[in-house]
Amino acid sequence: MTAGGSSLRGSLLGVAMFGSSLLVGCTVAAVDTDATDAQPMPVAVSHVHGVDVDDGRERVVIATHHGLLSVDLLAAGGPSSPPAVLGDYRGDVMSFVRVDNRFLLSGHPPAGSDEPANVGILEADLDARDWHALALSGVVDFHAMSHMTEGESSLTAGIDSATGRVMTSNDGGVSWHQGATIAARDLAIEPSIISIVATTEDGPVISDDLGQTWQSIERAPLLVLVEAGFDTDSQRRVFGVDVHGALHVSPDGLEWQSLGVLPIQPDAFGVGESGTIVIVNTQSVMKSRDGGQSWSQIADLSLPAVSVEG
């Protein structure tokens, strides 16, 4: 799952090697969300930073400026289908990923909080309650994250908005390795978790050494957003949205095929385990279960979010 919250900041800054020093995160006290209980969700979603499509739980989770929202993946949608508030975190979720049975989140704390301005990496269960600091508190603000598991191996990657540095973790977000600094908007881990694809103003780039060096992808579309997921044949793929709002798919991040123009220009999108594609902007949540050939609305984000107890 990836999330875009920063603008493209010019061309690739370079592929100079940075030291791969290990930054180890330590667990600290739980994030205090009691002080944010009185803060309402916004009447309209002002920013969408990320999407997680969970086919198993039949829901879509959306990262916003004021926490996480949940949408029923089976909903009929329409002009009267608001999202639901998920969990009790009301900070600015700039990026997040689902790793097994937990969420990892990065961004900024709620207004009035005494937490560091950059929360680093927080984690919670999939009900999005009881958030705890996991790593890099006060250090990073990931504006894009991606995660992929292959057998017993896993890789999590993020782009720190403050430095442009790509960072990776192979232990579920506890410790992080530093990669190169690039002017990238979004990233995704390709299916075999050998390479990372990132989007830049000059076109997508790819790294096969955990973000230490990057190469341009020849003949690739000018992508803005990228996501890893599955197609309708249960094959792992990398998906991308280009500057014209067209959807593309690749088996490896190198060769791309167009799937057609999207009905809306998404701020973020996600792809599920069963091939469900969900596109989201500040007005609408739409899904496709046939590889992008047809789309239906499942929620209206211009409506106030509904609080759900439990």
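Modeller: Let's start with one idea: a residue is buried when its relative accessible area is under 20%, exposed when over 50%, and partly exposed in between (1.4 Å probe, protein chains only). Here, buried residues make up 58% of the 310 residues in the protein chain.

Colleague: What kind of model is this, and how are residues numbered?

Modeller: This is a predicted model, in which local features need pLDDT of at least 70 and side-chain atom pairs count only at pLDDT 80 or more, while totals for chains, interfaces and linings use all residues. Residues are numbered from 1 along each chain as its sequence is written, and side-chain values use heavy atoms, with hydrogens and water left out.

Colleague: How many helices and strands does the protein chain have?

Modeller: Both are DSSP runs numbered from the N terminus: helices are H or I with at least four residues, strands E with at least two. The protein chain has 25 strands and zero helices.

Colleague: Which residues have the most contacts inside the largest nonpolar core?

Modeller: A nonpolar core is a set of buried Ala, Val, Leu, Ile, Met, Phe, Trp, Tyr and Cys residues joined through side-chain atoms within 4.5 Å. The largest one has 18 residues, and Val 60, Ile 62, Val 278, Val 280, Val 285 and Leu 301 have the most contacts inside it. Two or more residues come from each of β2 (48-54), β3 (59-64), β4 (67-72), β23 (277-280) and β25 (296-300). Strand β2 gives the most, three residues. Another core, of 17 residues, lies apart from this one and includes Ala 144, Leu 155, Ile 189 and Ile 193.

Colleague: What does Ile 62 touch?

Modeller: Contact means heavy atoms within 4.5 Å. Leaving out residues up to four places away in sequence, Ile 62 touches Val 48, Gly 50, Gly 67, Leu 68, Leu 69, Val 71, Val 280, Val 285 and Leu 301. Across the protein chain, 52% of the contacts with a separation of 6 or more are between residues 24 or more positions apart.

Colleague: Is Ser 146 buried or exposed?

Modeller: Ser 146 counts as buried because its relative accessibility is 0%. Its place is in strand β10 (residues 142-150). The side chain of Ser 146 reaches the backbone nitrogen of Ile 189 at 3.2 Å, to be read against the polar contact limit for N or O atoms, within 3.5 Å, where one must be able to donate a hydrogen and the other to accept it.
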